[in-house]
Amino acid sequence: MSRYSRLLSNTLVFTVGKLLSKLLVFFMIGLYTACLSPEEYSTAELIANMANLLIPLACLGISEGIFRSAAASSGDKEAYFTNGLMVYGLGSAVFLLLSPLMSLIPFFVDSAWLIAGYVVVANLHSVVSQYLCAVGRTKLFAGQGILNTALVIGFNILFLPVLDFGVTGYVLSTILADLTTTVFLIMYTRLWRAVKPRSISKQTIRDMLRFCLPLVPTTIFWWITGVSDRYMVAWMCSDQLNGLYTVAYKIPNLLIYAVSIFDSAWKLSVSAEEDPDACKDFYSRVWRVYTTVAFLGGGALMLCARLFAGILFADDYQNAWIYIPVLTLATVFTALCTFLGSVYFTSKKTIWSMVTALVGAGLNVVLNLWLIPVWDAMGASIATFASYFVVCILRLITTRRLISFKQEWGRGFINTLLLGVLTIVMTLSEYDPTRIPLMYGMAGGVFALILLFNLRPVMELLKDVGRMIKGK
């Protein structure tokens, strides 16, 4: 099977599983905004985001080490799982011992136990599912994603409208869904047979940690860039405004959902490459298609954002629409940064991932402190975009030293310029509702230009897909 066929096959498998899961979660926004006030929704998301920050810290990001090591190995994959599981166990024990300290933070006094449970269970789920994906159980990996989502929805329906558990029910739904899915995976695959204590090795653990430890601060810095603005909006403005700002993120997240699907397939495909620099053409062709889809997808989301908001958001959240265009532009560059990060992943130079993420995090904090007092949540949106844009430029420069694939700076500049114009037009339409028809006409024209400019890569993509399906 060729590289492209393998990538297409993996992408289709993950699309069936992950896309369905993500879409189901996306359409749950209506339930959340109907059952939770903007203040409650803000609190629930801040708790979940804090847990996501602590997940890599608690177990040193070992699930990434398990995936990269097992996927690239043609030998004893079970040894990596066993050693990774040991790191998970020790890390979780230390984390649980320290977790009461979270109660010292006023905001998390009543939710420390939820955060601790969320972190420990999410890490176990990640360790198990990433290992199964790395050893080729991709269909099971995709299927467990659907199961997990169905369980989240079921628990949400039980805990929110039926039992009225509020914020606790929102977070507890994810914990119980992760736990149930993990137990299912272990029982279905008899995964305990992959645990071989005799294979525990300090050298193996050291090698895995050398790869994944730089990803821990990277995740933290990435969290600061993508999530800290919500804490700052809540702190500097209000929980109500942060509730609107948080729900506005849900529309651009559709692009992130698509990116996460491809990223899983892409990393699985390139992890098998013994010489990363030998696949320059592979990277070049995929990057061209990837950027095309990112810019077109971002433009389409901007045009449809008001429609999505009207359908999915409760009346109290309708004003959230104004932040969506800028956040969508930021999300496009998040997607580009994610792909470029895979170069560090493949070449095992994850230190560069950490450095570039650090720059983005620092810039984001400074811009938030400057712009939020001036423009409220819109200032946070602009700060988020600027941070991801700078990280993208830095990664374009540094990745060329690792894998010298064609990055097409000129095409990227024109796409960015056109999408930036579209962002401005869509944002201004909210400030002057009397000109909405005119603004939408202009926006449609700009999107048509983006489509025409990217028409050739789109046609090439369709031809390549056709050839891969035919096995040529």
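Threonine 399 touches Leu340, Val343, Tyr344, Phe405 and Gln407, residues up to four places away in sequence not being counted; contact here denotes heavy atoms within 4.5 Å. The model is predicted, so that local features need pLDDT of at least 70 and side-chain atom pairs count only at pLDDT 80 or more, whereas totals for chains, interfaces and linings use all residues. Residues are numbered from 1 along each chain as its sequence is written, and side-chain values use heavy atoms, with hydrogens and water left out.

Threonine 399 lies in helix 15 (residues 350-399); helices are DSSP runs of H or I with at least four residues, numbered from the N terminus. Threonine 399 has a relative accessible area of 0% and is therefore buried (under 20% relative accessible area, 1.4 Å probe, protein chains only). The side chain of threonine 399 makes a polar contact with the side chain of glutamine 407 at 3.2 Å, and also reaches the backbone oxygen of leucine 396 at 3.4 Å. A polar contact is a pair of N or O atoms within 3.5 Å; within protein, one must be able to donate a hydrogen and the other to accept it, and residues adjacent in sequence count only if both atoms are side-chain atoms.

In helix 5 (residues 77-98), the end C-alpha atoms are 32 Å apart, which agrees with the 32 Å that its 22 residues should span at 1.5 Å a residue (1.5 Å times one less than the number of residues). Its buried residues include Phe81, Asn83, Tyr88 and Phe95. The buried residues of helix 5 pack against helix 3 (38-59), helix 4, helix 6 (112-134) and helix 9.

Terms used: Helices (H or I, at least four residues) and strands (E, at least two) are DSSP runs, numbered from the N terminus. Buried means under 20% relative accessible area, exposed over 50%, partly exposed in between (1.4 Å probe, protein chains only).
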